[in-house]
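Biologist: Before we discuss the labels attached to this model, could we look at it together and go through what each label rests on?

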Amino acid sequence: MAAVRMTRSRRRPVSTTGTLPPEGSAAALGRSHALPVRQWPITLVLAVAGIGLAITWFGDFKTGLLTVGAAPLLGAVLRLVLPEVGLLAVRSRFTDVSVLAVLGGSIVLLTLVAQPDPWLQLSLLDNIGQLVGGQHH
């Protein structure tokens with residue numbers, strides 16, 4: 001008896017199967033609305049970040065960067081409380097909220113301790129500055 005040999009195709013499939021969209025990734029509003037309105041959570045987060053960048057560009061550095069840091073924090077809150085957030089959903093709800101909260105919190109914390117005249121004094125940062133930058137006279 002001759003053995004029948006099965007050959008496997010090494011070509012990639014045309015479409016991906018078995019991959020599901022993240023939970024809550026449906027549009028926040030129905031198709032009767034325009035795209036930016038349907039996707040209002042991500043539009044709001046990007047608008048807040050854009051406003052923060054404009055504030056930074058045109059004047060107040062720290063207030064602008066606090067606004068930029070507030071944008072991912074707003075995204076984390078929206079992702080946590082809303083059932084459907086459209087394009088704001090990337091991974092699981094836990095992962096999205098965690099990443100956005102850490103990113104936003106880091107931006108806010110770094111802005112609060114930024115020199116000159118930091119709004120938040122942390123003695124740990126003074127010690128690190130002395131180790132890295134040498135002794136202050």
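**From labels to values**

Modeller: Along the sequence, the protein chain follows the pattern α-α-α-α-α, with five helices and zero strands, where helices (H or I, at least four residues) and strands (E, at least two) are DSSP runs numbered from the N terminus. This is a predicted model, in which local features need pLDDT of at least 70, side-chain atom pairs count only at pLDDT 80 or more, and totals for chains, interfaces and linings use all residues. Residues are numbered from 1 along each chain as its sequence is written, and side-chain values use heavy atoms, with hydrogens and water left out.

Biologist: Why is helix 2 called roughly antiparallel to helix 3?

Modeller: Helix 2 (residues 40–58) and helix 3 (residues 61–81) pack at an angle of about 170 degrees, with their axes 6 Å apart. Axes are lines fitted to C-alpha atoms, for helices over the stretch in contact, and angles run from 0 to 180 degrees between N-to-C directions. Angles under 35 degrees count as roughly parallel, over 145 as roughly antiparallel, 65 to 115 as roughly perpendicular and the rest as oblique, so helix 2 is roughly antiparallel to helix 3.

Biologist: Which residues of helix 2 and helix 3 meet?

Modeller: Contact means heavy atoms within 4.5 Å; among the residues that meet are W40, L44 and V48 in helix 2, and F61, L65 and V68 in helix 3.

Biologist: What makes G50 partly exposed?

Modeller: G50, which lies in helix 2, has a relative accessible area of 35%. Buried means under 20% relative accessible area, exposed over 50%, and partly exposed in between (1.4 Å probe, protein chains only), so G50 is partly exposed. Buried residues make up 24% of the 137 residues in the protein chain.

Biologist: How do you know that the end-to-end span of helix 4 agrees with its number of residues?

Modeller: The expected span is 1.5 Å times one less than the number of residues; for the 20 residues of helix 4 (residues 93–112) that should be 28 Å, and its end C-alpha atoms are 28 Å apart, which agrees.

Biologist: Which residues of helix 4 are buried, and what puts them on the same side?

Modeller: R93, D96, V97, L100, G104 and T111 are buried in helix 4. They cover an arc of only 90 degrees around the axis, which puts them on the same side of helix 4, the arc being that of the directions from the helix axis to the C-beta atoms. The face turned away from that buried side carries the exposed residues F94, V99, V102 and L110, while what covers the buried residues of helix 4 includes helix 3.
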